[in-house]
Amino acid sequence: MNCIVCVTSVPDTASVIKIGTDGKNIDETGIKWIVSPFDEYALEEALQITEAKGGEVTAVTYGPARAEAALRDCLARGAHKAVHVIGGEATLGDSFTIAKVLAKVLAGREYDCVLCGNKGVGTDCSQVGPMLGELLGIPHVANVTKLDVGDGSFTAGREVEGGLEQVESSLPALLTCQKGLNEPRYAALKGIMAAKRKPVDKIEVASLGIDEAADSFYTVRSLELPPPKSGGTIIQGEDNPAAAAAQLVKALRDEAKAI
Amino acid sequence: MDYKVDLRDVKFQLFEWLPTAKLLEAEKFADWDLENIEMVLDEAVKIAQQQMAACNEDGDRIGAQWNDGVVTLPESFHTAYQTVTEGGWIGLLANPEYGGMGLPEIIGTAVNEFFNGSNVAFSLTLMLTRGVGHMIEGFGTEEQKRLFVEKVLAGQWAGTMCLTEAQAGSDVGASKTKAVKNDDGSYQITGEKIFITGGDHDLTENIIHLVLARTPDAPVGTRGLSLFIIPKIKVNADGSLGESNDVYCNNIEEKMGIHGSPTCTLVFGQNDNCRGFLLGEEGHGMKLMFHMMNAARIDVGLQGCAAAGAAHQQALAYAHERLQSRSWKEMQNPEAPQVPIVEHPDVRRMLLSSKAYTEAMRAILLQTSYYLDMHHLLEGEESEKYKSYVELLTPICKAWCSEWGVQVTHWCLQVHGGYGYTSDYPAEQYMRDAEIACIYEGTNGIQALDFVARKLPMNGGKPIREILGAAEKTFQRAKSDSELMEPAWMLAAALKQIETISKELTKRPDAIQMVLLNAPPLLDMVGTVVGAHLLLDQAMLAKTKLAAILEEKGIGTQDKKAYKEFLTGHAEAAFYHNKVQTAIHFCYRALPTVAAKGAAIRSGERSPFFAIM
Ligand SMILES: Cc1cc2nc3c(=O)[nH]c(=O)nc-3n(C[C@H](O)[C@H](O)[C@H](O)COP(=O)(O)OP(=O)(O)OC[C@H]3O[C@@H](n4cnc5c(N)ncnc54)[C@H](O)[C@@H]3O)c2cc1C
C-alpha cells in the first residue's frame, strides 16, 4: 500500500511575522520554517498505514529551495523518499496553482492513498486537498479524524456538527487530515541519520509545463498585521453586579462594536 | 511548565564559534553533517519542551513515591521516557556497534543542556543509564557487554552508580559494602548504599547498579575497592530476566528539590542472595569509577548551566509582561503609567548578569566537550594534551557552573519579586532543583581540592599555563579594539592576579593550610578568568558578524537612536550586539571579584583556623 503525503512548510508558530517590503508577502528573514502541523498528521497516518500493510511513503512538496528542510524532516520521521517541486517563491501561493502542480507530479505515480493536511497553518484555506482530489479524479474526504484502510476501500470518520460522520469509499483516494487523527511521532536519531541518504527527486516546476503565474484563483493585494492588543479593562462588579453587567453590555456595544 | 532556551546562542557557540564543521569531517562522524546535526538539536529541543518540561511540575509536586520497597514515578514520566528511548537519545554518544549514534561530545552537551534545563530530575536517570552503558562497554568482559550494553544504551534497562554509604560520603574509601567471591566467579554482595539516584523506579523492567564494594582482604581506603555490576533482577545467560537479585530499596529521601528523582537507600543481600559481577579487576574500582564520575561531573556542571539558561529565559519573558512602577525617566511624575519591569535598571542588570554567566558556563562546557572530542579523535601527544585540558577543566565545569547556576536562579527569582517565591511560577523550582548540583558527584569543596591539589600541578603545571596562555592571547587580540580594550585589560589584570598568587602562595610556610582554606575561591578565580576569556573571544567574533550586517544594510552606529531602532527590528543584529554587551558586562562585573578574592587570600587571613567552633 503506497502513500503519498503532500506537505508544505510554514513559519514556526513561534516566529514573529513581519510584512515584507512589497506589502504582499511576509518578510522571510529570521523565519524558521517547519512542516505545517496538519501535514504532520498526514505523514503520521501514512507511516502507520505502511507500517501495518507494507509499501512506501513518498513525501511531496512544492516550494522554493528552503522547502527541502521539510522533506528531510519527513524522511527523518520515516518517509521512504521525497519529491521536491522547486518553485512557488511566493509564500502565499494560490491554492489552485498548488493543486495543479501537485496533480502533475502525482500523475503516473502509483499510490493507494494521498494524504494532505486539512489546511496550511497561516493561510488556512483548506482548498489544496479537495482540488487535488478532483484533478486526480479520485474520491476525497476532508477533515478526517479517524481512518481505517482496507483492501481497495476505506472508512473515514470526520467530525460534523454534533457528531461523527462515517464515509466509505474506494481506493485510491485522497484524505485531508485533521487534529485528533493521531499523535505525530518525533524523529528518532536513527531516522535523522538515515534521512541524509534517502533520495529527494528534484523537479523544476517549469519542466512540468505549468505557468505559475497563469489562471490563479486569487491574487494577494496587500497584507496587514492585526492591530496590536491593547490592555484589558476590568469592570469592578462585586458590589453591584447588575450595574457592572450593564456597563459591560455598553462597552461591548459602543466601544468594541461586538454586539 | 514551559521551557525556553536561547537556541540561537547554542548554535552560535557550536557552529560559528567552535570548529564543529571541521570536527564533523572526521571519519568517525561520517554519518553526520551540519544539516542533520541541526535537526538533532531542533528535535531535542522539541522533546525537551513538549515531553520533559511537560512533566517537570508533576515530578516536583507528585514526585517519586515509595511504597513497601517499590518506587513509582508520575505517569507523565513514563510517556517522556518512552519518547526518549524510542528516539535513541540515551545512546546519543555511544558506539554504533552497540546501537549508539556516535555523535560528538559537543552535540551531546548541547542536547543535554535542553534535557537538564527542561527537567533535571528526569534527566538524571538518562545520565546515569548512559554512564553505566559506557562503563560496561569500556571495561566489561565480552559476556558482560553482550548481556548489558545494548539494553542499557537503549534505555530498556536503567543504570545507577553506587558509591555513597552513611559513613562514606566524600570519603569514599571508607565504604564497607562487602563482596565475597563465589566458586563460579561471581561475588556475594552485602551492604547498604545511601543517596542512590534512581536506585529504584518503575520506568524500566530492570536496573543495573554499578557498586563499589570491598573484597575480604583488600587494603583500606579507595585502593581496596572493586566495582561490581549488580542487576536489580538477575539476568539469565540468554539475556532474559530471572528472579530478584535481593536488592531492596528501604527508603527514599524527602528533600529540597529534584523530587522527581528518587534518592534511594539500597540494601544489597539482606537475604544473602545478591550476586554481583566484577567489572575490570579487583582493586581497580575507584580508578574505573572515575571514568564515569568525570563524565558525570561535566554533566552536573551542565545542570547548573541548564537551570540558569531556563530560569533566565523565563525571567526575561516575565519581565516583559509584569507592569510595575513608573519608568526611572519619569520618577517625578506620579501620573506616569506603570511600565514593564524590564525597564528598571536593577532588573536589567540582574537579567544581563544572568545571561552573561549562563553563556560563560555554556562556553566553558562546550569548549571542554570539544577538547574531549579532540582527545578521542587524535592520537599520541596531541591527544594527551587535550586530555589534560579536560582533566583541568572538569572540576571547573562541575563546581563553577553549579555554583553560578544557583546564583543565576536566585537572580531570576528576584526578578519576579513575590511571585517568584510562590509555586505559581517555575523560578523557585529552578532554584531548588539547581542546588543539588553543588553537592553530588563530589561536593564543590572536594572539586576545589581536586583542582588545586591535583589538577593545577598536573604535568608540571603545563595544562594550566596553556589554558591561561590562551586567555592571555585573547587579551592581546581584544585590547586593540576600542570597545573591548578596557574589558580586555581587566582580563589581563585578573590573569596577573592569578600569576602573583600562585607564586606567593607556594612560598609561604603555611602554604598547605592556605591552599586548603582557599581552594574554592581559587577555583572560582580561574573559572571566572576562563569564562571572561571565552566570552571576549566570542564577542570579537560577534563584532565582525555585526559589522558585516551593518555594512550590508548601510546602517551606522553614530546615530544612537536610529541604531537602536534598527537593532530592535533585526533579530540577528541584535543577537550579535548583545553578545558584545554580554561580554563587556561580564568582564566589568565578574573579573574584579578575582582581584578581591586574590586580596583576601594574599592577606594570609586564617581566622577560620583560630575561631572556636
Ligand atoms: C539528591 C542526592 C543524590 C545523590 N546521588 C548519589 C548517587 O547516585 N550515587 C552516590 O554514590 N551518591 C549520591 N549522592 C551522595 C553524594 O555524592 C554525597 O552526598 C556527597 O558526595 C557528599 O557526601 P556526604 O553527603 O556524606 O557529605 P560529607 O562527605 O559528610 O561532607 C560534608 C561537608 O564536608 C566537606 N568535606 C568532606 N570531606 C572533606 C575534606 N576532605 N576536605 C574538605 N571538606 C570536606 C564537604 O565538602 C561538605 O561540605 C547523592 C546525594 C544527594 C543529596
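In chain A, take the contacts with a separation of 6 or more: 71% of them are between residues 24 or more positions apart. Two residues are in contact here if their C-beta atoms, placed from the backbone, lie within 7 Å. This is a predicted model, in which local features need pLDDT of at least 70, side-chain atom pairs count only at pLDDT 80 or more, and totals for chains, interfaces and linings use all residues. Residues are numbered from 1 along each chain as its sequence is written, and chains are lettered from A and ligands numbered from 1 in the order in which they are written.

Staying with chain A, there are 259 residues, of which 40% count as buried. Buried means that 20 or more other C-beta atoms lie within 10 Å of the residue's own; exposed means 12 or fewer, and partly exposed is in between, again with C-beta atoms placed from the backbone. The C-alpha atoms of chain A fill a box of roughly 70 × 45 × 40 Å along the principal axes. Chain A has six helices and eleven strands. These are DSSP runs numbered from the N terminus, with helices being H or I of at least four residues and strands being E of at least two.

Now the sheet. In chain A, nine strands form an open sheet with mixed pairing, in the order 9-8-7-10-6-1-4-5-11. Two strands pair if DSSP finds at least two bridges between them. At the edges are strand 9 (163–170) and strand 11 (200–204) of chain A, each pairing on one side only. On average, neighbouring strands of this sheet are turned by 35° against each other, direction ignored. For angles, axes are lines fitted to C-alpha atoms, for helices over the stretch in contact, and the values run from 0 to 180 degrees between N-to-C directions.

One pair in detail: strand 7 (residues 140–149) and strand 8 (residues 153–160) of chain A run antiparallel and are joined by five bridges. Within that pair, Leu147(A) stands opposite Ala156(A) of strand 8.

Which strands does helix 1 of chain A touch? Helix 1 (residues 37–53) packs on the sheet against strand 1 (3–7), strand 4 (57–63), strand 6 (113–117), strand 7 and strand 10 (173–177) of chain A, and its direction makes about 155° with that of strand 6. Helix 3 (residues 95–106) of chain A lies across strands 1, 4, 5 (81–86), 6 and 11, running at about 140° to strand 4.

Helix 4 (residues 128–136) of chain A has Val128(A), Gly129(A), Met131(A), Leu132(A) and Gly133(A) as its buried residues. Their cover includes helix 3, strand 6, strand 7 and strand 10 of chain A. Just after helix 4, Gly137(A) takes a positive phi of about 70°.

Some backbone details in the loops. The loop between strand 6 and helix 4 of chain A holds Asp124(A), which has a positive phi of about 55° although it is not a glycine. Asp124(A) counts as exposed because it has 10 C-beta neighbours inside 10 Å. In the loop between strand 9 and strand 10 of chain A is Pro172(A); the peptide bond from Leu171(A) to Pro172(A) is cis, with omega near -5°.

Next, the core. A nonpolar core is a set of buried Ala, Val, Leu, Ile, Met, Phe, Trp, Tyr and Cys residues joined through C-beta atoms within 7 Å. The largest one has 252 residues, and those with the most contacts inside it include Val5(A), Cys74(A) and Phe228(B). Helix 9 (residues 285–321) of chain B gives the largest share of this core, 19 residues. Beyond its neighbours within four places in sequence, Cys74(A) is in contact with residues including Val5(A), Val35(A) and Ala82(A).

Then the contact between the chains. How many residues does each chain give? Chain B gives 17 residues and chain A gives twelve. On the chain B side, helix 3 (34–52), helix 5 (75–87) and helix 19 (571–602) each supply at least two residues.

Last, the ligand. Of the 20 residues around it, Leu163(B), Gly169(B), Ser170(B), Thr197(B) and Gly445(B) come nearest; a residue is near a molecule or strand if its C-beta atom, placed from the backbone, lies within 6 Å of it. Strand 3 (157–162), strand 5 (187–197) and helix 14 (444–455) of chain B each give two or more residues to this shell.
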